[in-house]
Each structure stands twice: as structure tokens, then as C-alpha cells.
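Reader: I am new to this structure and would like to go through it by question and answer. Could we take the strands, the helices and a few backbone details in turn?

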Amino acid sequence: MFDKQTYIRRRAELKKLVGQGMVILFGNNEAPYNYPSNTYAPMRQDSTFLYYFGLHRDGLIGIIDIDNDEEWLLGDDIEVEDIVWMGFTPSVSDLAAEVGIQKTAPLSQLSKIVRSNPLHFLPPYRHDTKIQLMDLTGIHPSKQKEKASLPLIQAVVKMRSTKEAQEIAAIERACDVGYAMHTTAQLLIKPGVTERFVGGQVDGIARSLSSGVSFATIFSQHGEIMHGAPSTAKLEAGRLALCDAGCELDDYCSDHTRTMPVTGKFTQRQLEIYSIVEACHDYVLELAKPGIKYMDVHFAVCRMMTERLKELGLMRGDTDEAVRAGAHAMFLPHGLGHMMGMDVHDMEGLGQIYVGFDDETRPNLEQFGTNCLRMGRRLQEGFVITDEPGIYFIPALIDEWKGSGHCKEFLNFDKLETYKDFGGIRIEDDVLITSNGCRFLGSKRIPYHPTELEEFMNKNQ
């Protein structure tokens, strides 16, 4: 939580951007794990509510009445029976005072207070919030996304996209925990250890040093599966292990990926592919700066990747034509990166068309791979984005494209067949766009250059 003036200033700016009407921002409620009183812990507050109101307690709703220049915090005070189990919790009025709000009311007064037209709300993503919104407005949950306020969405995206200095500092701290998470994994990896054990240790570091993981940890020898959860499989010599993990600390996230040889030493074939991903990852640092479209950076990386894969005989033909045809998506079926901040995919719930794109830069939803590009708009100073190229050998995708002849003029399917057991490689870091370029976030760099990675993994063996 930042100082009171931060939230007062943010709400004042939001009023100017939205212009008229009433804004309603729902905080989150406790979410049951498997029965009502056994809830997920700690409670995860809605990020936009947190951005403007800074309060972590469940069951709160913030109202900003632009026309009457009033701000309300609605919620029910905790009763003694709850204090017995959960400990002391400040009253709603005390919480409101902490963030500069004068007016409070119990939740039962919501329908009496919310009378303004237009009523601005964001697309809800939790079912209990959808029910609250339906009770208040009569809008069925199936229609709420399309009825959400575009002026409010655009205002929130504008404000949350550009990070303040105190936000950047919070992300840096989260990245430092990310360093501890990933280096723990790198030191534990060896044949015979299970994926679940390593993934659990990574999660434990996040729980110990922060409020927890920023998304479900990915740790798998099947790096070709984008969201491969840790399994009971034992790590095998000659395989690669991919770890994609991050934490939440002081309300902000980190998100890193590293790919490691299980034995601590790359084979020649692994090193050939890994070096391409490494070069693409580092190329982003040369290109990304204010005024440059991240979509252009993405395709520059795709062209570099294509050139290097041609050298290995996995691709062929004219590079520009291959990329235009989407042949590179055989190896890179996702975008180069995404916005990051309070959410690991920052503001994605507001609609990627508004977060990662704008009136100038539109997504291509028709082409495989390009349709997964989450960030394409021009970069601005203060943006925090991920840099995460990868190369994956997905057997089902190889079979499908080979069978249909898709992009056959650019792909060597005979050689691709020999890589079906390879897995996948991704390298990911969090990057701040500066006044004249970009830089990594975090005070320590998780080893990723091949020699330093091998040395680090083997130093305690």
C-alpha cells in the first residue's frame, strides 16, 4: 500500500479521464476452496480496486461519483464472531480514512447510492461479482462484458500502463524474489528429482519471501507445452527442464522463464537451439524503446529466428515471405511478450484489444501464432513488458502441418521429425521501457547465458 495521497491523486485523475457519471469498482470477496469457510488464502484483491483504493480487505466496493465530486467506500463492518476467528479488522470508516475517502456505507445501501447515469463498470471476471452487478443493474452476466464502460476501460489502461517510480520499485523487489525462485530451481535440478518437488520448492520460496506466486508455476520437461504443470515424473538425463514462475510482492508481479539441461550440461543439439532463443531474447534489448511498436519488435525477432533456423536446415526459403506466411509459428506459436504490473498479464481482463493494442495497431486474429500476440502497440516510457521468445517442437503441430502441407515451402518436415523428442526452450525477463531504450528489472540477473548457467548449476554439485 502506498501513501494516502497516491490514491487521492489517482482517483482525481480517473475523474478527469472518464468525465461524467458514476464509477463503481468492485473489490473481491473471499473465494471458497472446497466449502464456504475453507477459502483460498491469502485473499487476492481485485487489481483495479487496489490501484485506486489501496485496501486489501474483502467485501468492499468503491464508488466515484464524478458529477457530485463524491467518493464512497461501501462494506460491512466485521462482527465479534468473525474477530474470534480472524483477529481485529479496522472499521470500514477507518479503512476509508486511510485512503482519503470521506463517505462510507454498508453494502445494503448500494442500490440507494448508485443512481447516476451513466454507470461505469469494468468487465467482471468473478461469478459472485457478476451476480452483484446483475442485482444492481439488471444486466445479465452474459451481457456484462459488452455493456462494460469503454471510457472507464480506456482510462484505467491509460493510467495503469505507465508505471510510477514507486510501482517500478515494487516490481524490482518482486523480480529479486523471482531470482531466488529460479536459482533455487537451477540448483535442485538433477536426474531422479521429480518435477513436482522442484516446482514445490519454487512455490515455497514465493510463499516465504512474498505474498505468493503471480500465476501457477510451470515446471516441466515438456517445455513444448506452454502451460506444463509440474508432474510426478522424474527428471531424466539428456532432457531439458523449463521453469516459468513469478511472485507477487507489495501488490506487483514478476515473471521469468529459464530452460535448463537436467544434467547441468547442454548437448550440442540443445545448445544450437538454445543459442537462437538467447540471441532473440537479447535482440529485444537492442530494439525496444519509446515510439517503437512491440509488434515490429516481435516480427524482427521472428525474422532473426527464421534466419538462424535456416542455418540448421529446419527452415528454408525467403525469410520475409516465410514470416508473412506464419511459418515461424511452427516454432514460436505465441507473442513476444505482454504488459506486466499488478497482474502478471497486466489488465488482460479489461480486454487485450485495449491493453496491448490501440486504434493505430490492431491484432491479426486470423493467422496462427500471430493471433496470440498480446502486445503490439507503440511502447512508451514507463511501460513494463515481458521479453519471452521461445522455440518449441510440438509433435501434434508438426504432424498437422506436415499432413496438410501447410507452409511446406518454408519447413523441412523430414528434419522436424527428428526433433519431436526435443521439448521446448523459452527465456523470459521483465523489461522497463526507459526514456531512450529499455532495461531489465531486478537487481540480480537469473543466469541464462549457456556458460554461466552451466557453471551456476554445477557449482554445488
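The questions below concern this predicted model, and each answer ends on what was asked for.

Reader: How many residues of strand S10 (residues 240-245) are buried?

Author: The side chains of S10 can be sorted by the way they point, with Leu-240, Leu-242 and Asp-244 turned one way and Ala-241, Cys-243 and Ala-245 turned the other way. Both groups are buried, and so the strand is mostly covered, a residue being buried when its relative accessible area is under 20%. The number of buried residues in S10 is therefore 6 of 6.

Reader: Which residue of strand S13 (residues 256-261) is the bridge partner of Ala-241?

Author: S10 pairs with strand S9 (residues 218-220) in the antiparallel sense over 3 bridges, and in that pairing Ser-220 stands opposite Leu-242. S10 is also joined to S13 by 6 bridges, and these two strands again run antiparallel. In S13, the bridge partner of Ala-241 is Met-260.

Reader: How are helix H9 (residues 165-188) and helix H10 (residues 195-209) oriented towards each other, given that their axes cross at roughly 155°?

Author: Two packed helices are described by the angle between their axes and by the distance between those axes. Here the axes of H9 and H10 come within 9 Å of each other and cross at roughly 155°. Angles over 145 degrees count as roughly antiparallel, so the orientation of H9 to H10 is roughly antiparallel.

Reader: How many nonpolar, polar and charged residues does the contact of H9 with H10 have?

Author: The crossing of these two helices, H9 and H10, is right-handed. On the H9 side the contact holds Val-177, Ala-180, Met-181, Thr-184, Ala-185 and Leu-188, while H10 brings Phe-197, Val-198, Gln-201, Val-202, Ile-205, Ala-206 and Leu-209. Sorted by class, the residues of this contact are 11 nonpolar, 2 polar and no charged.

Reader: How are H9 and helix H17 (residues 450-458) oriented to each other?

Author: The axes of H9 and H17 come within 7 Å and cross at roughly 70°. An angle of 65 to 115 degrees counts as roughly perpendicular, and H9 and H17 are therefore roughly perpendicular to each other.

Reader: Which residues of H17 make the contact with H9?

Author: The crossing of H9 and H17 is right-handed. From H9 the contact takes in Thr-183, Gln-186 and Leu-187, and the residues of H17 that meet them are Leu-453, Phe-456 and Met-457.

Reader: Which strands are at the edges of the open sheet of 3 strands?

Author: The sheet has the order S14-S17-S18 with antiparallel pairing. Strand S14 (residues 384-387) is joined to strand S17 (residues 429-433) by 4 bridges, with Asp-387 standing opposite Asp-429, and S17 pairs with S18 over 3 bridges. An edge strand here pairs on one side only, and the edge strands are S14 and strand S18 (438-440).

Reader: Which helix packs on this sheet?

Author: In S18, the bridge partner of Leu-432 is Arg-439. The packing helix touches S14, S17 and S18, and its direction makes about 135° with that of S18. This helix, made of residues 268-287, is H11.

Reader: Is Asp-251, which has a positive phi although it is not a glycine, buried or exposed?

Author: The phi of Asp-251 is about 75°, and the residue lies in the loop between strand S11 (247-249) and strand S12 (252-253). Its relative accessible area is 17%, and a residue counts as buried under 20%, so Asp-251 is buried.

Reader: What is the relative accessibility of Cys-407?

Author: Cys-407 also has a positive phi, of about 55°, although it is not a glycine. The loop that holds Cys-407 runs between helix H15 (395-404) and helix H16 (413-417). Cys-407 counts as buried, because its relative accessibility is 7%.

Conventions
Residues are numbered from 1 along each chain as its sequence is written. This is a predicted model: local features need pLDDT of at least 70, side-chain atom pairs count only at pLDDT 80 or more; totals for chains, interfaces and linings use all residues. Side-chain values use heavy atoms; hydrogens and water are left out. Buried means under 20% relative accessible area, exposed over 50%, partly exposed in between (1.4 Å probe, protein chains only). Two strands pair if DSSP finds at least two bridges between them. Axes are lines fitted to C-alpha atoms, for helices over the stretch in contact, and angles run from 0 to 180 degrees between N-to-C directions. Angles under 35 degrees count as roughly parallel, over 145 as roughly antiparallel, 65 to 115 as roughly perpendicular and the rest as oblique. A crossing is left-handed if the near helix is turned anticlockwise from the far one by less than a right angle, and right-handed if clockwise. Contact means heavy atoms within 4.5 Å. Ala, Val, Leu, Ile, Met, Phe, Trp, Tyr, Cys and Pro count as nonpolar, Asp, Glu, Lys and Arg as charged, and the others, Gly among them, as polar.
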